[in-house]
Each structure stands twice: as structure tokens, then as C-alpha cells.
Amino acid sequence: MRNPQLNAHGELQHLLTIEGLPREVIVHILDTAGSFVGITERDVKKVPILRGKSVFNLFFENSTRTRTTFEIAAKRLSADVINLNINTSSAAKGESLLDTIDNLSAMHADMFVVRHASSGAPHLIARHVEAHPHLHVVNAGDGRHAHPTQGLLDLYTLRHYKQDFTRLSVAVVGDVLHSRVARSLIHGLTTMGTPDVRVIGPKTLLPEGVEKLGVRVFNDMNEGLRGCDAIVMLRLQNERMKGPLLPSAQEFFKSYGLTAEKLALAKPDAIVMHPGPMNRGVEIDSAVADGPRSVILPQVTFGIAVRMAVMAILAGQ
Amino acid sequence: MKIHIAHGRVVDPKSGSDAKQDVFIEAGRITGVGAAPAGFKAGRVIDAAGLVVAPGLVDLSARLREPGFEYKATLETELAAAVAGGVTSLACPPDTDPPLDEPGLVEMLRHSARSLDLAHVHPVGALTAQLAGKRLTEMVLLTEAGCVAFSQADVAMPDTQVLWRAMQYAATFGFALWLRPQDEFLARDGVAHDGEVATRLGLPGIPSFAETIAMETMLALVRDTGARVHFQRLSTARGVELLRDAKAEGLPVTGDVSAHHVHLSEMDIGYFDSHCRVIPPFRSARDRDALRAALADGTLDALCSDHAPVDEDAKLLPFAEAEPGATGLELLLPLALKWGTEMKLPLARTLGTVTDRPARILGAEAGQLAIGQPADLCLFDPHAMVRISADTLKSQGRNTPYLGIELPGRVRCTLVGGRVVYEG
Amino acid sequence: MQLPDAEQLCTSLVSQLRAQVTPDTAIVGIVTGGAWLAERLHRELGLKTPMGTLDVSFYRDDLGKSGLKKQVLPSQVPFEVEGRPLLLVDDVLYTGRTIRAAMNELFDYGRPARIDLAVLVDRGGRELPIAAQFCGARLDVPAGKVLVLERDEAAGGKLVLQLSAQRRKPSSAKGSGK
């Protein structure tokens, strides 16, 4: 089966998932993002690389935050950006997902940035636009499946602070079951040769057979954090804090919230990451989130550069 | 018309015979095998050289989508698909709209099917009104109208009190219950086997024990009520074990598996192929291998098509939102042959899983090739490959993971009641 | 074909430039050949302002055709561009498109007082109205051939002109015409 994100020349046609991306492609994206970080620090933060191109942000699931980062990235590349919150428009009128895509393709879109509640939706769209080689699909998060640009920005952040992936211990903590961020990061880390990737959480929030992704599983956070170089805290959705998976947010925080005491178990220079938005006092204590080891805000800055890099590379194919 | 089928390789799974013989048909029945009956004068001679002459296939689960879902498929298209696939008798589950919970609906369906004069249609009645799992249907009257068994189709029946009473009532009259075991709560929101593929793709999972917990509940009730239960479309290794133990214990139970499930596993989902969105989900390779072995050793009694034609739009959706099901009537024979070849079984035994053995569960006069039996026959070339494609499928549903794939076994001629209903 | 000696051309450029630069002038080289040349000119001319380098990949007009090269270096402009006279340096002037991209990028840093262009070789073949004020040599190079500057690190950073028949692959090099 051909990797649906690569074209016949093995170049990146779409970014759908980190799983199966060749290591060189990831490195190219991270290197290019490095050049864009410099540009975002200038007075004029724009380059003309996507001038005249139309980037459609198709958000079938609402996320102002992610949409904004893609919008900024596209605008800094001089693209025309069209934002569509589909859950409030066509879907309500019964138009099918692929009808929407056909309509927008007819408007000469060059790139679709897709956020969808259902795993695999961007794959479906990519398959559907196969006949239009100039069209590119970027997955901005699909169901529990993947959030590749978040995974890449996490990799960028780790490389920025820790350089060499092949010597790292990274712990991913919390609701792995529902997390597309966790899946993308795990695939990215294993592709980059990270020898020790750990997932930490209660059994109710770890998916069946997660160890097959190449991670070590810990239910005890203290044990799982010991000696690690980076801690990635996952967001716990409100609706999951009480119910069959967890009794309460307080109890979750007691066992799996990141506090200064727990952080002390990691290496002294360990960094703390979070994809945002944070639930302070649920998965992370404010003192840690705002503390010297937190790189949560730099992650946001790098996120723009990484998304610029992805779009620039796709547009160049 | 009297028909003489000449030079064919005649296989009767019931007796196990497999030999070059001629078959003679008069008045809708087989009147001679080998030697012609005295004074037989053929109105037509069918040259079956190079072909296998077998009983017509008996399929225990084929959705015809009528009444209510004519936009997906119609009796006409699906019964044409049946005979094109060599299927001459089939049972259809009650999940129509409205469900088959009233004698009038069953009579109407049988009447429409009879007027098409293709494959024999045996309706399975709804076990509860509206399949809602609360009130029993008129099983006696439904049986009189032609129902061969009672089922909830794929609709859950979480109230075990109702299930218990339904079994007691059915057992009173000796009716069979055909049940697909699945715990509704454990399967909630699930769309794929709860295993490594679902974890990787981020698809909500259905654990194996959703099947086996429900099965154990049903078996406990069978033990108490003595009801005859046929387990439909088992999907797990553990489910097969439970069935084996229950049979050894002497419980009146049988079981089947779908033709897709003896070949495919969770791995075949690939990159979210919605053709692999089926009920129950394709499970692990280990489960699949257990199903294959259990069908060969007789623990599983039959292979069914689990035919579920789905319109294309309903499949062109993200995996979890796509409508489950695969078209199967025209794949039943090829997939059975593929399985039999891979398991190195004699042809008569392979064909037994789609003829004689399901016919016994159906309780119908079908699935045998012997003097006196109805002349429901399937003539096929076991070596010719068929390419499964949207253009060649007769069914209105073109939804199968096998699209574009070549499979062995091309049906050349199908007879129902001594009449040629398909030639290809 | 006989290629001129890059080191000699370099010396000639230095002498042309010496009278023209002011204490304010900043020198900016285009990666990679132009940057090597700029480094040399910066040193020989004894300029006080630190030199800048541009990687114009994000400003090129043929991205859709050639793709983004593997390693885009961050541009370095360590001085105030606003109101400053700039000396833009490249190794070979050809179609003019690289120079256009470089000027566009420079304007994203500010409004320079003026921009002069210095190149080692002008090989003709212009597709835009761009000219070099300072030029080491004019050379007719057949279309389809690629003329680039190489730096021989083993020989103490000696600059050498190289002619190759094939265009280098766009993914690994600067790409089409300079």
C-alpha cells in the first residue's frame, strides 16, 4: 500500500500523519521551520512564498486556537486565507464532506487545512482530491488519530532544547486514549530514534495495546517520570473528568497532575511541554506551568514556524 | 423442461461424493445422477465439461433491503445477485423498515420474492416488536407466515429478562433463535476491533469480550430454557471456544461466520478503508485464524455472506461515520473456495459450509445433490478467476474490501427448481 | 571553455569598490557563493558594519516549479537597513531573478538609502531589467550550463569558478538561473 501522503516521487504531497513519514522529511520540515523562526522575529514577518495561493481552513470541529495558528502561518507566507467553520454552515444543511471539498476545489483552492472530529477524515479528503496534484491537504487534527503539526512542533521544541533525539527519555502523561497529540508525538519520536518513550496514565486512559507503538507504559507517575528529559502533559477534556473513566478532576490531579514535587523526579534540566490549552490544577500545577522549566509558550512560537514550514514545503511540490 | 447436465464434476457435500457424472432433472427435481431415468428425454442438454456441478448455495444472512431501504438495494437486484453468485436459498434478517415483526409483512416479502422466481427467500422474523427488545412478536403466526427463525438482527437486546422469556417462549414451540452476540454497552461507540490497529488509527474499539460476555449470557439461558440458538457471525477466537464447549456439553447450539471474516483482519483497514467497516469488526489475525480452523473442524457450522449492500455515499465518509457492511452474495462462493484451497480441504467439505450444513440450520429442503432433491444447482468453473469490480457486481451494493481483486470460482449457470435462472 | 581566475576577478572587484564604499556601507552576500565573496570583500575593504547574508529561497519566484531546497539557512542582517547604503554581492549574475528576490527580502528589513550590486561574473541572459554596478568579468556561457563559485577549503578558502553541464537538482541546490 502506497503511503497516501507522498507523491510518486516520494515527496510530501499531503501531511496527514507523522506515522510512516521518512526521517529525512521530518528533518527537512524541522530545518525549514528553523529558518522561519528567524523571520517571525523580524519587523516584517512575511515572506512571499505562497503569494496568490488560497489556503482554506476547514474546521469541521471548532478550535479557534489551532485555526489561528494556521491562519497566522499562512498569512506570514503571504497566502490568502479563507476560514470556514463547517459545523455551522453546510454540514448543518446536509451537504456531505466530499461535496464541500468539491465545491471548494472548484474555487481553485491550493491547500486545505482540515480539522475533523472523525479519525481518518483528512485521509478521505486526500484520496478524493487525488486527481488534482496541485491540491494539498494538511491534517489539523482528526478525531483521536493524528495532529501531525502539533507532533512536529513538539519535535522542534525537543530538538531546540535537547538537540539529540537518540539520547532522550520523554514521558507523555495523561489521557493518551483520546489524544491525537500523543499518537503523533510518539510516532515522531520513534521515527527520530528516541530510545525511551514512556506513557503515563491510569488504565482507563491508555488505549489497548499502546505498547505496540513502541512505548513503555507506567501507571505510577512517580515511577514514570524518574530520570526523564522532557515531560509532555496532555490536555484532559472537561467531559472526561467525571464519568466512567475518571471519578473527578481533583483525584486525577492527585495521581497524574504535574507538581513541583513530581517534576523533581525528572532530570534537573528536564523541560515541561503542553499542547494547550491548559487546565491548571487538573493536569498541571500553575507553579510548574509558569516555572523556569516550562517551554509551553516557546512551543506556541515554534508552532507558527513549523506550520509555515509544512505549508511552504507542500506548496513547493 | 427436462434438463440433462452432461460431463460435469458432480459434488454432493452431504454424501461426500465427488465424481464425473451426469445429472438429470424433471419437474423441478433431480431424478437421476449418473444413469438417466428410464425413458428420459432431455429438452435441453447443458454441457458442464470443466465445471463443478454442486447444490445451489444456502446463505444464512443476506439483507435484501426491502421493505424500506430500496435506495440501497431492491429484491430484484439482490436476488439477481444471489443467483449470479450461485446462491439458491437465503435467509434474510428482519432489519428492514418496518422490521419483519408482523405476519403481513412477511407474507408480502415472500410473495414479492416468489414472483421474481429467482432464489428462495426464507425470512427470519423479528424476535421483538420493532426489534425494540421489549415485547415478543407473534412467533407462532410469523412461523405460519413463513419465518424460519427469530432474530434481533444487529439490534441490541440489553434486557436479559426479555431475552430469557423470548427463549422460553420460542422453546415452547421449538422455534430457533438466531442471535449475534454483542454486549451493547461494551460495544458502545466502537467501530473497530479494540486492538493495535484501532489504537494506532485512533478509532474507538469494540473489545472481544463484548462478543463473549453476551454469548455466555445467552448460553446460560439456553442451558435453562433449552431453546435452540444459532450464533450468527462469530468474530473471536474465544467465541469459537465457547461454541465448541457448548456443543460438547450437548446444548442445542450452532454457529456461523461471515465469508469476509475468515479472510480479513483488523490490519486490512489500512488507511481507514471504509469498506472494512463491518459488523462485527474484523478482529486480530489470531481470531481470524481461529475462525478459519473452527469452520474447517465443524465447530462453526456454516459460512454466510452477511450480505449488506450499502450505497456509495454512505461509504464515502470518514471510517467511523461510514455505514457498516459489505456486499457478499457474489463473493460467497469465491471466498469459500479461497478458504477451502488455503485450508487444503476436499472440495466437498469446502462446499458443505455453504450448502448442506447451512441448509440443516435453515431447516429447508436444500443444499443436497441427490435423487429426489429439488433441482437447485450451481455450476461453476473452480479455476477461472473472477475480478470483483463495481461494473460486474449485480448487487446494488459495490461495497467490499475485495474491489479490484481476483478471486477463484466463476459461476456459469444457476438452476432453481429445475429452471435456469442465471447463465454467465 | 577557459574560465577566468576567480581570485584575480576578486582583486579587481576590490579595487573597483574601494573608492565607492562609505563608512556606512553594509555588505550583504547571497548564500552561498555570494556570501563567500562578500566575506572576502568585507575583509579586504575593511568595513566596520558587520556583513549580512541572505538565503532568498523564501522569496524565489519559481517555488511552485522547483520546490523548497533541503536546507534553507536563516538570513542574517545584523544591522539597521533603514536609510543605509547597501552593497549586494553575488557570485554570478544571470537571469536577475535571484537579485530581484534578494532586493525584495532586503526591503522587508527596511528602506535602504541605495543598493548597489557587485558580482564576480556577469554571464548575460537577463530576464529582468537588472544590472551590476560592479562586475569582475563579462562571460558568454551557453544556456543550459551552470556557472557557480566554489570554495576550496583545502587551499585556504581559495575561490574557483566551476562550469557544469547539468543543472543541479532543485531540491539540493539554489535551483534555476541566477
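**View 1. In chain B of this predicted model, helix α1(B) passes helix α2(B) in a right-handed crossing.** A crossing is called right-handed if the near helix is turned clockwise from the far one by less than a right angle, and left-handed if anticlockwise. The two helices, α1 (residues 75–84) and α2 (residues 103–116) of chain B, have axes that come within 10 Å and cross at roughly 55°, the axes being lines fitted to C-alpha atoms, for helices over the stretch in contact, with angles that run from 0 to 180 degrees between N-to-C directions. α1(B) and α2(B) are therefore oblique to each other, given that angles under 35 degrees count as roughly parallel, over 145 as roughly antiparallel, 65 to 115 as roughly perpendicular and the rest as oblique. B:Leu75, B:Glu76 and B:Leu79 of α1(B) meet B:Ser112, B:Ala113 and B:Leu116 of α2(B), where contact requires C-beta atoms, placed from the backbone, that lie within 7 Å. Helices (H or I, at least four residues) and strands (E, at least two) are DSSP runs, numbered from the N terminus.

Residues are numbered from 1 along each chain as its sequence is written, while chains are lettered from A and ligands numbered from 1 in the order in which they are written. Because this is a predicted model, local features need pLDDT of at least 70 and side-chain atom pairs count only at pLDDT 80 or more, whereas totals for chains, interfaces and linings use all residues.

**View 2. Strand β1 (residues 3–12) of chain B runs antiparallel to strand β2 (residues 17–26) of chain B, to which 8 bridges join it.** Two strands are said to pair if DSSP finds at least two bridges between them. B:Val10 stands opposite B:Ala19 in β2(B), and in the hairpin of these two strands, with 4 residues between them, B:Gly16 takes a positive phi near 80°. β1(B) also pairs in the parallel sense with strand β4 (residues 44–47) of chain B over 4 bridges, B:Ile3 standing opposite B:Arg44. A parallel pairing with strand β5 (residues 52–55) of chain B spans 2 bridges, and there the bridge partner of B:Arg9 is B:Val52.

**View 3. Strand β1 (residues 54–59) of chain A has 5 of its 6 residues buried.** A residue counts as buried if 20 or more other C-beta atoms lie within 10 Å of its own, as exposed if 12 or fewer do, and as partly exposed in between, with C-beta atoms placed from the backbone. β1(A) pairs in the parallel sense with strand β2 (residues 80–85) of chain A over 6 bridges. From β1(A) the chain passes through helix α2 (residues 64–76) of chain A to β2(A), in a right-handed β-α-β crossover; right-handed here says that, with the strands pointing away from the viewer, the path from the first strand over the helix to the second runs clockwise. β1(A) also pairs in the parallel sense with strand β3 (residues 111–116) of chain A, over 5 bridges. A:Phe59 has A:Asn85 as its bridge partner in β2(A) and A:Arg115 as its bridge partner in β3(A).

**View 4. Helix α2(A) packs against helix α11 (residues 296–315) of chain A at an angle of about 60°, with their axes 8 Å apart.** That angle makes α2(A) oblique to α11(A), and α2(A) passes α11(A) in a right-handed crossing. The residues of α2(A) that meet α11(A) include A:Thr69, A:Phe70, A:Ile72 and A:Ala73, and among those that α11(A) contributes are A:Gly303, A:Ile304 and A:Met308.

**View 5. Helix α4 (residues 121–128) of chain A is mostly covered, 6 of its 8 residues being buried.** The buried residues of α4(A) are A:Ala121, A:Pro122, A:His123, A:Leu124, A:Ile125 and A:Ala126. Their cover includes α3 (97–106), β3 and β4 (136–142) of chain A.

**View 6. In chain C, 5 strands form an open sheet with parallel pairing, in the order β2-β1-β3-β4-β5.** The edge strands, each pairing on one side only, are β2 (52–54) and β5 (134–138) of chain C, and the twist averages 25° from one strand to the next. Strand β1 (residues 26–30) of chain C pairs with strand β3 (residues 85–93) of chain C over 4 bridges, C:Ile27 having C:Leu87 as its bridge partner in β3(C). Helix α1 (residues 6–18) of chain C packs on the sheet, where it touches β4 (114–122) and β5 of chain C, and its direction makes about 150° with that of β5(C). Helix α2 (residues 33–45) of chain C lies across β1, β2, β3 and β4 of chain C and runs at about 155° to β1(C).

How values were computed:
Two residues are in contact if their C-beta atoms, placed from the backbone, lie within 7 Å.
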